[in-house]
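Subject: Structure for you to look at

Hello,

Here is the structure I promised to pass on. Please open it, then read my notes beside it.

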Amino acid sequence: MKLQISPQALVDGLNLASGASAGRTPKEALQCVLMKASDKALLLMATDLEVGVRCQLAQVDIQKGGEALVSAAKISQVARELTDEVVSLELRENQLHLRGRGVHFQMVSRDPKEFPPVPDLEGEPDFEIEARELRRMAERTAFAAARESTRYAIDGLLWERKGDQLMIVATDGRRLAVASCSVTPKGGASTQKDARVIVPAKTMQLISRVVESSEERLGVKFLPNQLLLKTEHVTISSVLVEGHFPKYEDVVPQDCDKRATVRVQDMHHAVRRAALMTSEESKGVRLCFSAGKLVLSSRSAEQGEASIELDVRYEGETLDIGFNPSFLSDFLKVLEEEEVTFELKEPNRPMVCHCGENYTYVVMPVNLS
Amino acid sequence: MSIFEVRHQRWAQVILQSAIGGDRIPHAYLFHGPDGIGKETLARAYAQLLLCEKPVCHNECSSEYAPDGKQWFDSCGLCSSCRLMETDSHPDYHLIHRRLIRFHDDPSVRARKGLDLGIDVIRQFVLDAAHKKPALGSRKVFVLRETEKLTSAAQNALLKTLEEPPPGTFLILICRALDSLLPTTRSRCRSIPFSPLPISFVHETLQGRHSDINADLIRFAAALGEGSLGRSVQCLENGLNEINRNVITPLKDLSVLSALEWAHLLEDQADQLAHRSRLGDEEINETDAVRQALTQILTLVATFYDDVLKLTHGQQERCCNTADLEIVRQAGSRMKHDWIPRSIGWTVQAEAQIHLNANTTLCLENLAMRLAHLYAPSR
């Protein structure tokens with residue numbers, strides 16, 4: 001392998017790829033990044049066996065193809081310290097030589113055979129989705145996923161595709177977030193229109209990171225064991241979670257008869273203030289809805305009491321209901337909209353929050369008596 | 001590796017082969033038997049076979065595993081899955097051992113010593129991983145090493161997965177003795193006993209691997225291993241032959257006066273041996289290391305008296321201590337023949353007492369005094 005590349009391009013590529021490389025693992029090859037130079041481009045690959053990233057760098061001058069497997073952390077550190085416009089990389093006898101003006105680094109390359117395969121999206125994707133949209137959905141659902149639950153399926157997020165709609169769903173048994181958006185079907189979906197897969201929470205974090213700056217469209221493919229996402233230069237692959245995701249449609253109540261509309265900013269502020277007077281024992285914040293008015297109150301024996309009043313569009317009977325404030329603020333925090341609508345029925349029934357057409361959040365009340 | 005490279009475990013192979021050839025492959029196996037006789041090697045080869053994309057079917061294979069009309073399956077060794085197994089980078093093969101605690105996500109868990117196979121390792125590396133779909137094919141295999149070190153909490157956490165693992169998941173538990181596991185764990189696994197290897201096979205293998213070591217030493221190591229290749233190799237590596245000479249030389253004529261001195265020598269030698277084994281494995285705690293070393297040393301003593309017994313019955317060719325036959329002969333001439341078997345019994349008893357937490361020094365002194373009384377008083 002012999003090539004010339006700008007250090008900045010190398011750093012950008014390594015940043016994307018090393019997001020997938022394993023931090024701590026007994027298999028040292030997984031802490032490495034595989035650099036594969038072919039005729040046209042340099043391919044960087046990293047995986048921790050759960051998620052994998054393939055990142056293609058096009059602006060490279062390749063003189064000789066080949067493969068090198070080097071420590072991801074070390075080569076990133078080295079590349080960041082280079083100030084030259086162009087550096088050369090050369091593999092000779094299991095040593096990767098990195099040369100700039102007056103600089104020479106020599107790094108050990110492991111046997112590329114030790115590196116497990118990182119899947120690529122072959123053929124047409126099932127559908128395409130806007131990167132921005134996917135990132136937003138990930139942000140709006142990931143917080144609701146269970147953590148270290150023994151019900152492994154709900155530790156992940158459900159991706160459900162129905163025709164030209166994609167739903168991402170997360171729940172931990174006490175709250176549920178459903179975000180959806182429209183997608184553009186592509187050839188790969190001809191056999192399977194509707195599909196559902198459960199994606200690990202870690203993959204969602206990686207997706208958020210990779211598509212952060214991206215304004216492009218992502219091709220998505222569901223395989224029996226894998227989820228594949230592809231932008232022009234980057235492919236992310238992820239294993240899927242085994243198990244059955246609960247039927248989330250049944251959890252969203254359809255018979256709510258009370259509606260309240262409130263400004264997101266005001267509500268978030270009020271919840272944060274009311275949460276100050278809660279303690280480990282009394283985590284609940286009381287929400288008292290009455291005509292045109294919502295009063296949030298909290299009380300803890302050791303600390304004291306709080307009461308916050310705000311304007312709300314509400315008609316119907318007065319209703320007292322308690323919630324865990326962090327469940328409310330997690331949700332309010334991710335909203336970009338001006339207003340949010342709450343639908344309620346009784347103090348012991350869940351509250352449904354709607355924000356726009358594509359986002360629903362259901363939260364269970366807590367018993368305050 | 002080919003599954004047939006595992007030698008002299010016909011019984012285990014037959015059980016595994018009939019499962020592969022049948023409709024339903026048991027999802028949890030328990031391989032049990034002494035250390036160093038091929039349990040983990042076979043588990044790995046079997047995992048390779050389970051993960052292989054195109055398993056091959058033999059109607060004929062080596063004479064040891066003659067097919068008796070049955071078909072024998074083996075991994076192809078050529079497919080991408082087999083190649084990944086060879087380079088130890090298969091994403092669906094998980095080897096679980098107590099040292100994985102070093103790689104746990106939680107820093108407070110990492111700070112602990114991996115003396116046993118605890119619930120944190122089992123949760124992160126077995127249960128969480130088992131509930132992900134396989135990365136390559138449709139199966140994934142977990143091999144759990146040293147399951148006699150599984151804590152009860154870890155075993156209880158495993159129960160549900162052992163009973164009903166996610167589709168395509170196979171677990172192979174490797175353990176020294178069945179009774180070190182909870183009955184609930186045992187009952188959820190298909191247990192396969194492994195038997196010690198023929199000593200001639202161990203001898204040949206050692207000769208092949210260490211052509212530079214002298215023949216007496218190899219014979220001693222092979223005999224002392226009692227059919228465990230692993231133990232014989234360890235015996236060569238730890239220089240057990242030197243320790244053996246130190247331990248048995250005073251036994252040519254043990255008197256009541258020299259007995260206590262000999263008991264203290266045993267303790268010294270055990271400390272040295274424990275120190276050596278702790279250098280190789282820092283996760284082992286000191287008590288365990290000393291106990292293991294004492295077990296090894298008392299085995300040397302028992303082997304010595306066993307040789308005395310053999311020699312007095314004219315079975316010289318079956319002795320272990322071939323290089324020190326003179327010492328064996330001298331001891332034999334000083335002891336009353338009918339009493340020799342007692343010495344072996346008492347040595348085994350002392351070993352058991354030490355494992356039951358008895359005071360080591362007292363146990364060894366007691367043993368030494370009893371042994372000294374078996375020798376005829378010198379004039």
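Start with the rings. Ring pairs join F143(A), F331(A), Y359(A) and Y361(A) into a cluster. Two rings of Phe, Tyr or Trp (its six-membered ring) pair if their centres lie within 6.5 Å; planes under 30 degrees apart are stacked, over 60 edge-to-face, and the rest tilted.

Before going on, note how this was made. This is a predicted model, where local features need pLDDT of at least 70, side-chain atom pairs count only at pLDDT 80 or more, and totals for chains, interfaces and linings use all residues. Residues are numbered from 1 along each chain as its sequence is written, chains are lettered from A and ligands numbered from 1 in the order in which they are written, and side-chain values use heavy atoms, with hydrogens and water left out.

**Rings and a covered helix**

F331(A), from that cluster, is also one of the buried residues of helix α6 of chain A. Buried means under 20% relative accessible area, exposed means over 50%, and partly exposed is in between (1.4 Å probe, protein chains only). Helices (H or I, at least four residues) and strands (E, at least two) are DSSP runs, numbered from the N terminus. Helix α6 spans residues 325-333 of chain A, and 7 of its 9 residues are buried. They are P325(A), F327(A), L328(A), S329(A), D330(A), F331(A) and L332(A).

How many aromatic pairs does the structure hold over all chains? The count is 10. One of them is F289(A) with Y314(A), a tilted pair: 5.4 Å centre to centre, 35° between the planes. The two residues are 25 apart and link distant parts of the chain. F289(A) sits in strand β20 (residues 285-290), and Y314(A) in strand β23 (residues 313-315). F289(A) is buried, at 0% relative accessibility. Y314(A) is buried too, at 3%.

F304(B) and Y305(B) make an edge-to-face pair, with 5.3 Å between centres and 75° between the planes. F304(B) is buried at 0% relative accessible area. Y305(B) is buried at 0% as well.

**Where the chains meet**

Next, the interface. Contact means heavy atoms within 4.5 Å. Chain B brings 25 residues to the contact, and chain A brings 20 residues. The area buried between them is about 1,900 Å², with 58% from carbon and sulfur atoms. Buried area is the accessible area (1.4 Å probe) that two parts lose on being put together, summed over both.

Which residues of chain B lose the most area to chain A? They are H131(B), K132(B) and K133(B), together 33% of what that side buries.

Between chain B and chain A there are 2 salt bridges. A salt bridge is a side-chain nitrogen of Lys or Arg within 4 Å of a carboxyl oxygen of Asp or Glu. K140(B) and E242(A) meet in a salt bridge, at 3.7 Å from N to O. The side of chain B that touches chain A has 11 nonpolar, 6 polar and 8 charged residues. Here Ala, Val, Leu, Ile, Met, Phe, Trp, Tyr, Cys and Pro are nonpolar; Asp, Glu, Lys and Arg are charged; the others, Gly among them, are polar.

Now look at L100(B). It lies in the loop between β4 (93-96) and α4 (107-110) of chain B. Is L100(B) buried or exposed? L100(B) counts as buried, at 2% relative accessibility. Leaving out residues up to four places away in sequence, L100(B) touches P26(A), L95(B), V121(B) and F125(B).

**Salt bridges**

Over all chains the count comes to 41 salt bridges. In one of them, K202(A) meets D48(A), with the closest N and O atoms 2.0 Å apart. This pair links distant parts of the chain, 154 residues apart. K202(A) is in helix α4 (residues 201-210), and D48(A) is in the loop between β3 (42-47) and β4 (51-57). K202(A) is partly exposed, at 34%, whereas D48(A) is buried, at 14%.

E90(A) forms a salt bridge with R99(A), at 3.7 Å between the closest N and O atoms. E90(A) is buried, at 15%. R99(A) is partly exposed, at 29%.

In chain B, the side chains of R231(B) and E226(B) form a salt bridge (3.2 Å, N to O). Last, a network of salt bridges links E128(A), E130(A), R132(A) and R217(A).

Best wishes
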